[in-house]
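Colleague: I am new to this structure and would like to learn how to read it. Please take the features in turn.

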Amino acid sequence: MTQDELKQRVGQAAADYVYANVPEGAVIGVGTGSTANCFIDALAAHKGRYRGAVSSSLATTARLQSHGIKVFDLNEIDGLPVYVDGADEIDAHGAMIKGGGGALTREKIVASVADRFVCIADASKRVGVLGAFPLPIEVVPMARTAVGRRVAALGGVPVLRVQKDGSPYITDNGNEILDVKGLHINDPRTLEAHVNAWPGVVTVGLFAVRGADLCLLGGEAGVERIEYTKG
Ligand code: 5RP
């Protein structure tokens with residue numbers, strides 16, 4: 001089975017999960033990326049059941065709207081029963097690296113108001129220790145070099161994310177992203193709090209303080225359901 005087929009499998013499993021566990025008329029939090037797109041496509045089959053969605057990026061908004069799913073501004077919503085999103089890496093405690101698609105800030109905001117975070121991923125995303133995937137940090141552009149120096153002092157190698165034409169990649173929020181290579185993240189909660197406190201950092205792509213509650217992990221044998229206990 002290809003990675004794309006595994007992504008479709010977990011996208012469908014997440015839509016089934018939402019159908020079975022979320023009341024009719026609810027608004028659903030929706031993540032960003034190729035796996036989240038599979039979820040959106042599967043969710044669309046039952047779109048009449050939900051009031052709509054809160055989106056974590058302009059790309060996700062466009063995909064939801066292409067299916068006729070109403071997109072609400074987060075400010076209009078009191079809460080979300082569930083947030084469904086992919087990950088670049090997930091560890092045994094439900095801590096994740098996210099932001100490969102550049103949407104980490106809005107993803108973290110939407111996830112923070114949801115009762116439950118359901119991570120959907122193919123089995124290649126499961127790791128023992130986070131950090132092989134470069135850790136994205138969204139920065140205010142004027143702080144790029146200052147934040148890069150702090151990253152280097154931790155032993156990481158900051159690389160400015162660029163587009164195909166070599167110009168800086170710009171997030172939906174008008175900021176830049178440093179992708180940090182070379183970290184071996186043994187304590188993701190502490191690192192998340194530490195990096196978030198640096199001036200100029202908008203968001204670090206560690207989702208450990210608010211990690212996943214459930215992971216639907218797609219493998220050859222089917223979809224494994226992994227629940228994480230918080231503490
Ligand atoms: C986007 C993200 C994505 O969830 C992450 O990059 C995984 O993407 P994909 O499902 O395409 O592998 O964090 O900012």
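Colleague: Which residue of β14 does glycine 219 stand opposite?

Modeller: Glycine 219 stands opposite glycine 222. This is a predicted model, in which local features need pLDDT of at least 70 and side-chain atom pairs count only at pLDDT 80 or more, while totals for chains, interfaces and linings use all residues. Residues are numbered from 1 along each chain as its sequence is written, and side-chain values use heavy atoms, leaving out hydrogens and water.

Colleague: How many bridges join β13 to β14?

Modeller: Two strands pair if DSSP finds at least two bridges between them; strands are DSSP runs of E with at least two residues, numbered from the N terminus. Here β13 (residues 214-219) and β14 (residues 222-227) run antiparallel and are joined by six bridges. A hairpin of two residues links them.

Colleague: In what order do the strands of the open sheet lie?

Modeller: The seven strands follow the order β3-β2-β1-β4-β7-β13-β14, with mixed pairing. At the edges are β3 (71-72) and β14, each of which pairs on one side only.

Colleague: Which residues come nearest to the ligand?

Modeller: A residue is near a molecule if one of its heavy atoms lies within 4 Å of it. The ligand has 17 residues around it, and Ser34, Thr35, Asp88, Gly99 and Lys125 come nearest.

Colleague: Which polar atoms lie 2.9 Å and 3.3 Å from an oxygen atom of the ligand?

Modeller: A polar contact is a pair of N or O atoms within 3.5 Å. A polar side-chain atom of lysine 98 is at 2.9 Å from a ligand oxygen, and a side-chain N or O atom of lysine 7 is at 3.3 Å from a ligand oxygen. For glycine 102, a polar backbone atom lies 3.4 Å from an oxygen atom of the ligand.

Terms used. Helices (H or I, at least four residues) and strands (E, at least two) are DSSP runs, numbered from the N terminus. A polar contact is a pair of N or O atoms within 3.5 Å; within protein, one must be able to donate a hydrogen and the other to accept it, and residues adjacent in sequence count only if both atoms are side-chain atoms.
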